[in-house]
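Here is a structure to walk through step by step. The sequence and the coordinates come first, and the explanation follows.

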Amino acid sequence: MSEPLLEFRQVRKWFPITGGVLQLTIAHVHAVDDVSLVIHRGETLGLVGESGCGKSTLGRLGVKLLKPTRGDVLYRGRGLRQLWGRALREFRRKVQIIFQDPYSSLNPRMAAGGVVAEGIAIHRLSGGRPPLDRAADYLERVGLSRDDLPRYPHEFSGGQRQRLGIARALAVQPELIVCDEPVSALDVSIQAQIIELLRELQQEYGLSYLFVAHDLAVVRHISDRIAVMYLGRLCEEAPRDLLCDRPLHPYTLALLSAAPEPDPTIPLQPIPLPGDVPSRVNPPKGCRFAPRCTLASDRCRERQPEWREVEPGHWVACHEA
Amino acid sequence: MALLEMKSLTVDFRTLDGALRALHGADLTVETGEIVGLVGESGCGKSQTCLSITRLVHPSGLIRAERLTLEDVSLLELSEREMRGIRGNRISMIFQEPMTSLNPCITIGEQLSEPLVLHRGLSWHSARDRVIEVLGKVGIPDPSRRVREYPHQLSGGMRQRAMIAMALVCQPRLLIADEPTTALDVTVQAQILTLMKRLRDETHAAVLLITHNLGVVAQVCDRVTVMYAGRMIESAPVGPLFARPAHPYTKGLMRSVPRLRIRSGEERRLEAIPGTVPNPWEVPSGCPFHPRCGFAEGICQRELPETTEPMDGHTVACHFAARVIEEAVA
């Protein structure tokens, strides 16, 4: 295995809820709890889960848009808490993020050229050429054209805006890109274009991705390894095919069984999940999935299962696995 | 007699820049007890088709059709008052985002009772009993407590169930569901899809399901119509459509979706359809798909393809349908 690039060590992120006249903290939303994950150089780690499971929060912790409540995020072995000055600036360049809705993440008053050239200029990456000229190269690389330089975000379609978001991230020569649901807002035919573009760019520039998404089929397609989250905790992590073909955690099984296959000869047979996702303010004290799990025993309701490696590279947090 | 018959439906919008045609002669039939899928990408006209059936298109839009009937009643000839008697009664709709279609200030029970009071003349009291019964049927636990709650007290999946219950209280003949599961998580989506199939079996209502998700289509629909740039380009029972798509666009869509159940280690590049959906103001000449089509030849640029029926019950509008099918079989 190649060197670890980004590492989450027992990371926890709780958001305070304030209330009362004094706005005191009365409770916490447990967004991410004790998550440990490693992303290696050149690989894609897919992170799946349903809304509110904390996958986007984890992505944001990875690019230091949020600071962990406890635990550490390390980039090339250095804790993000210790980064400042030049080292922090270098980190900001090397680790980029692209968002689900590129429209709300692009400045509406900045033309495409500016969006892409800004990073190039700030990090002095134009190699003596005008930054806009370099920006045009990146626009062309992602399938836009040089003529798009003066166009504003609202003049682009959804797929083109996502390409612009990718060009912006790519222009500062990053090592890792956190992709936060980059294709879920796009039409099917455009979604495929963007996925293939991301794969090509990975080959070409040796990029690593943390690919956050809720669509398992998309994640299986693009990832080397997949991690599944439920209610702020990791359930299972394994190489892609292992996770999809031999899942061990009951939640992974339920998630896989619920995905409708675009093939009428493979009928949908979802494993029923009774009830709703519990509150993230008062998560269940044992296994977080226990209240909805058909295999749950008293042990599951009482004790948090430990994160253990059941076979090489296959991690799971389940008493019954 | 089909439940819903639509023939050559066009919708034109008056705009400051002139007339804009959103639908170009759409044909659709829905039989009793059938789930028909309407598939296409944003802006292809699938939502306009549904809004035309309930005559809810924007006031600047003009609907014309050779035929648009529900149980032989021509919907376009009804007065607005008569039409109101049909909406929510014989035709009801479910939308994508339940939170925006439920009134946040009114309890679930009251909202769901309203159609019964309006259309069936029930008292609020007896309507409530029926509402509790329907809520139970769509899988909402403890319905007699839930009727006193407000939409924000329900989870996303429960809200969508409440929407479905609201659409079903008057036992409609046709249920139009516009992307009913798009905003939901997959596990909830699977529950809602299973529910819709079960309700169809129990009530024999027909469902017109609008979606862009081919997985959803494959799993719940009996027949499918594919739309592109305001036209219906292919229509077939779900099995043959997935096994032998006859239109290059349909085929392209199927090749561009990632599949979950593949053999281990199988690398499959997604074959994306190049280009983008045309802007309704600049629809290409001839076949609107030709600039993105791998099969296109000169004729595609000049002539709009006629709709043909190369196989029983399988219609397609493509000059080279035969070649597309041949390639699918090979």
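Which residue of S4(A) does Arg9(A) stand opposite? Arg9(A) faces Asp72(A). This is a predicted model, in which local features need pLDDT of at least 70 and side-chain atom pairs count only at pLDDT 80 or more, while totals for chains, interfaces and linings use all residues. Residues are numbered from 1 along each chain as its sequence is written, and chains are lettered from A and ligands numbered from 1 in the order in which they are written.

Strands (E, at least two residues) and helices (H or I, at least four) are DSSP runs, numbered from the N terminus. Strand S1 (residues 4-19) and strand S4 (residues 70-75) of chain A run antiparallel and are joined by five bridges; two strands pair if DSSP finds at least two bridges between them. Both belong to an open sheet of four strands in chain A, with the order S2-S1-S4-S5 and antiparallel pairing. Its edge strands, S2 (24-40) and S5 (78-79), each pair on one side only.

In chain B, strand S7 (residues 91-94) pairs with strand S8 (residues 174-178) in the parallel sense over four bridges. Ser92(B) has Leu175(B) as its bridge partner in S8(B). Ile91(B) and Met93(B) lie on one side of S7(B), Ser92(B) and Ile94(B) on the other, and all are buried (20 or more other C-beta atoms within 10 Å of their own, with C-beta atoms placed from the backbone).

The two chains also meet: 36 residues of chain A are in contact with 36 residues of chain B, where contact means C-beta atoms, placed from the backbone, within 7 Å. On the side of chain A that touches chain B, H6(A) gives the most, with seven residues.

Key. Buried ≥ 20, exposed ≤ 12 C-beta atoms within 10 Å, placed from the backbone.
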